[in-house]
Amino acid sequence: MSLVLIGISHKTASIRIREKFSWTNDQLSEGLKKLYAIDSVRGVIVLSTCNRMEIYTHLTDNVLGMRELIRFLKGSFSAKEFQIKRHFYVLKDAGVVKHIFRVASGLDSQILGETQILGQVKFAWEMASRAGVTCDLSDALFADAVSAGKEVRSSTEISQGNVSVGSVAIEMLEEQFGRIQNKSILVIGTGKIGSLVCNYLKQKNVSTIFVSNRTYARACELALRCGGKVINFSQLKDELRTADIIISSTSSPHIILSYNRLSEAMKLRNKPLTIMDLALPRDVDPQAKNIPGISLFVLDDLKSVVEVNHAKRQKEAISAEKIIQKRLSMFLETLCIKKEKDLCLAER
C-alpha cells in the first residue's frame, strides 16, 4: 500500500513539546501544499489537534519519502532531528489503517471515547480535499475511518459521560470548588472547546459567564447562546481583576495572557484566580503558575479526572476494538481485491 504515518501525540510528548509542532488553519493549508510537492508523495492528510499532529501519506518510495518528511518537519518547525526521533512515531500500511480507525473512534484519545476527535478527523480530510492533495487511497482511508468512528459510537457506550476536554475541565473545577454556580467565569475563545465549555456552564446553571474573543461578533453569538455577557478583547484586563475562573482556548499562535499582565492584575485583586489553559499552543505564559494567588492548569493536568473516566469505559473499549479489527480486515481485503483487478486490467 505504501501508506506511511509520522506523528506526535499526548502519548509521546508533553504539551511543552507538542505546542512546537502545532499549526493554525492557515499554516495547515500551506503545510499541505508543501508536503504534496514532495516527489514521492501521492496523497497527504494532516490531522492537527490539541493532543496530536499526524501526517498521513501515500508514498511511491518509502525510504526517500521518510527522508523528505523528516526534512520537512525539521524545516517547518525549526526542530532538531533528535527531537523528531525521540517524540515522533512512524507507522506503515496496516498499522496506519488501524491507527486512524482507533483515533476516529476515540480509542487513542487522552479522554477515552472522546467525541470531538471524529469531527477533527473529518475536518482534516476536508482541508486536504479542498487543497487538492488527497488521492484515492487517502480518501478511502479517511472515509472508512469516519465510518468506523460512527459505528463504534453507535454500537457501544464508549462515549457516555464526560468525554470532551471541556467537560473534563468543568469536572476538575467542580472537584476544586465544590460548586461553581456562584463563580464569575471568563471564557476566552469561541472555537469548539470554548463553545462546549459555555454549554456545560449553562447546564450547570452558572450565573455569571463572560465571553471574549478577538472577533467581537462571534463572542456575541456565543454569549447569547449561554446567557453570558460579552467582554471586548481589548478590555480583558478589567475582567482579570474580578473573575474567579478563566478558561482560555483560543487558536492564537502566541501567548495572550502574559506573566506581566497577570502579575499586574493580581496586585489589584483580593482573591485567588484559577486559570484553565485548554489551548495548544498555550494561551497563558507557563510561568504564571509562579504568581502568588494563581492556580494554573493546562491540558496535561486533566489526567487525574481522565483516568477515573477511563476506567469506567474500559469495558466498552474492548467491544470497540473488535469493531476496529473487523473493519481493518474488510479494508485490507477490499484493497487486495482492487489491486488484483488493477493488475489484470494492466496485463490486458
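Student: Why does Phe-21 count as buried?
Tutor: The relative accessibility of Phe-21 is 2%, and buried means under 20% relative accessible area, exposed over 50% and partly exposed in between, for a 1.4 Å probe and protein chains only, so Phe-21 counts as buried. This is a predicted model, in which local features need pLDDT of at least 70 and side-chain atom pairs count only at pLDDT 80 or more, while totals for chains, interfaces and linings use all residues. Residues are numbered from 1 along each chain as its sequence is written, and side-chain values use heavy atoms, with hydrogens and water left out.

Student: What makes Phe-88 buried?
Tutor: Phe-88 has a relative accessible area of 10% and therefore falls under the cut-off for buried.

Student: How many aromatic pairs does the structure hold, and why is the one between Phe-21 and Phe-88 called edge-to-face?
Tutor: There are six aromatic pairs. Rings of Phe, Tyr and Trp (its six-membered ring) pair if their centres lie within 6.5 Å, with planes under 30 degrees apart stacked, over 60 edge-to-face and the rest tilted. Phe-21 and Phe-88 stand 5.0 Å centre to centre with 75° between the planes, so the pair is edge-to-face.

Student: What makes this pair a tie between parts of the chain?
Tutor: Phe-21 lies in the loop between helix H1 (15-18) and helix H2 (25-36), and Phe-88 in the loop between helix H4 (81-87) and strand S4 (89-92), so the pair ties together parts that are 67 residues apart in sequence. Helices (H or I, at least four residues) and strands (E, at least two) are DSSP runs, numbered from the N terminus.

Student: Why is the pair of Trp-23 and Phe-77 called tilted?
Tutor: Their ring centres are 5.1 Å apart and their planes stand at 40°, a value between the two angle cut-offs, so the pair is tilted. Trp-23 is in the loop between H1 and H2 and Phe-77 in helix H3 (residues 62-77), so that this pair links distant parts of the chain, 54 residues apart. Both Trp-23 and Phe-77 are buried, and together with Phe-21, Phe-72 and Phe-88 they form one aromatic cluster.

Student: What makes the peptide bond from Leu-280 to Pro-281 stand out?
Tutor: That bond is cis, with omega near 0°, whereas most peptide bonds are trans. Pro-281 is placed in the loop between strand S9 (273-277) and strand S10 (294-298).

Student: How do you know what confidence the predictor has in the protein?
Tutor: The pLDDT, the predictor's confidence in each residue from 0 to 100, has a mean of 91 for the protein, and 94% of its residues reach 70 or more. Over residues 343-348 the pLDDT is below 50, and beyond near neighbours in sequence this stretch has zero contacts in the model, where contact means heavy atoms within 4.5 Å.
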